[in-house]
Amino acid sequence: MRYQRSSALFAEAKKFIPGGVNSPVRAFKAVGGEPIFIKKASGAYLYDEDGHEYIDYISSWGPLILGHAHEPVLNAVIAKAKEGTSFGIPTQIETQLAQLAVEMVPHIDKIRFVNSGTEACMSAVRLARGYTGKDKIIKFAGCYHGHSDSFLIQAGSGAVTFGSPNSPGVTQGTAKDTLLANYNDLEGVKTLVAANKGQIAAIIIEPVAGNMGCIVPTEPFIKGLRNLCTEEGILLLFDEVMTGFRLAKGGAQEALGIAADIVMFGKVIGGGLPVGAFAASAEIMSHLAPEGPVYQAGTLSGNPLAMSAGLAMLTELNNKPGTFDSLAKKTAFLHQGIADVLTQKGVPHQINRFGSMVSVHFCEAPVIDFASAAKGNNDTFKTYFHGMLDQGIYLPPSAFESYFLNDAISYADLERTVQAVAKVF
Ligand SMILES: *Cc1c(COP(=O)(O)O)cnc(C)c1O
């Protein structure tokens, strides 16, 4: 059996960890079968416990934009660890990472570090509510902002007034303050805002969505959101946990030319260690404790190991801005290669791409929001996923996830990937 050791390790894991995993998508439920267990990784490649090698198109869901076990990041963490791993009091490296992030990203003056993207989004919404004195938020169906209660709200039919919880344990009381809109539907947002006039603290969005495949906002939509927020005194929150330090030095704000009021980070900013962050103007950030009344804290926030990984990663990206262009070109090459194969084989498909984010949808109509993403043929996706896995290509184990390329991937790797697609179909 090809995945014998992974299978045994999964059985063992399930005895002690719910579902055998510490984050649900890793369990491969959407694609069937069992997860592979990873032993180590280097550059573009993952190595599983059965000794197989994979070209990795997930890069730990985004953080490892320069590839696995990248030397400057590793060296920084190792050196830092020798000086102690956590103090719970200020260290200089927190300021160094903060300063660099503020230099790289437009429209932010100050940044607060936390330990995950979930924490960043949760805290940013609290800050937005504290700042505006309003309770409600608007989110978009299919956008993921971590697993905090306010965000686990599903779309009802059409532009519903009240969301219904997406998970047991989320109360109606929480759900009623999260309003839902559809991605790329500005009119729907305007209707919601008009119906809840003066009550909306924030609109939170993935400025390029990556959690329903990759979905790019139309220019009128994203510009319209900005104008609407400014007119109505609503804060525009860009969840750049995926796009930050990936689409450009300045993330989606730079790539789209749109200013957000609060920006959230995660993934790349931690260089593969647990870091999240949220940032805004000095004026908005002054409302955060201890400067202001909005409480937010963390025992391990600004942890020196995590900061050293983040600082090494952002320093690399800041010094080699060509990385973003290189990644975008590689991703375009992959896009074209896969599109050519699928067209030639007569497989209905849509491919969405922005920078180094790309997703393949097995459907006929353009994918512009959650409803159109959900129309993809999941049986074809499963066949595709497992067919690629067996040929040593590791793709996201869900049709609702974007690929995240890392710059260690070579053109030879990309060509091998396209050939593997041809074999599957
Ligand atoms: C991954 C992700 C999060 C959650 O980050 P965690 O570190 O997993 O808590 C939030 N928003 C977006 C857009 C993400 O991709």
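Helices (H or I, at least four residues) and strands (E, at least two) are taken here as DSSP runs, numbered from the N terminus. I keep in mind throughout that this is a predicted model.

**Entry 1: backbone**

I looked up Asn184 and found that, although it is not a glycine, it has a positive phi of about 65°. I placed Asn184 in the loop that runs between strand 8 (178-181) and helix 6 (186-195). I then turned to the peptide bond from Ala289 to Pro290, which I noted as cis, with omega near 5°. Pro290 itself sits in the loop between helix 9 (282-285) and helix 10 (304-319).

**Entry 2: domains**

I took down the domain assignment, which gives domain 1 as 4-69 + 321-424 and domain 2 as 71-319. On this division, I noted that the centres of the two domains, taken over C-alpha atoms, are 25 Å apart. Contact between them involves 30 residues of domain 1 and 33 residues of domain 2.

I next looked up the interface area, since the size of an interface is often given as the accessible area lost when the parts come together. For domain 1 and domain 2 the buried area is about 2,500 Å², and carbon and sulfur atoms give 70% of it. On the domain 1 side I listed Phe324, Phe354 and Met357 as the residues that lose the most area to domain 2, together 27% of what that side buries.

**Entry 3: salt bridges**

How many salt bridges does the rule find across the interface of domain 1 and domain 2? I recorded 0 there, whereas my search of the whole structure gave 13. One pair I wrote out is Lys15 and Glu12, whose side chains meet in a salt bridge with an N to O distance of 3.1 Å. Both Lys15 and Glu12 belong to helix 1 (residues 4-16), where they are 3 residues apart, about one turn of the helix.

**Entry 4: second largest pocket**

I looked up the second largest pocket and noted about 450 Å³ of space in it. Its lining has 23 residues, and of these Glu94, Arg112, Phe113, Ser301 and Gly302 lie nearest the centre of the pocket. The elements that give two or more residues to this lining are helix 3 (92-104) and strand 4 (110-114).

**Entry 5: cavity**

Finally I searched the whole structure for cavities of 30 Å³ or more, and the search returned 1. For the largest cavity I wrote down a volume of about 40 Å³. Which residues line the largest cavity? I listed Lys134, Val193, Asn196, Lys197, Gly198, Gln199, Ile200, Glu232 and Ile234. By class, the lining of the largest cavity comes to 3 nonpolar, 3 polar and 3 charged residues.

Methods. Residues numbered from 1 in each chain as written. Predicted model: local features only at pLDDT ≥ 70, side-chain atom pairs only at ≥ 80, totals over all residues. Heavy atoms only, no water. 1 Å grid on protein atoms, 1.4 Å probe; cavity = no way out; pocket = protein on both sides within 12 Å on 5 of 7 lines; lining within 4 Å. Points joined across faces, edges and corners; volume = space filled by probe spheres on them. Domains from an automatic or database assignment. Contact = heavy atoms within 4.5 Å. Buried area = accessible area lost by both parts, 1.4 Å probe. Salt bridge = Lys/Arg side-chain N within 4 Å of Asp/Glu carboxyl O. Nonpolar A, V, L, I, M, F, W, Y, C, P; charged D, E, K, R; others polar.
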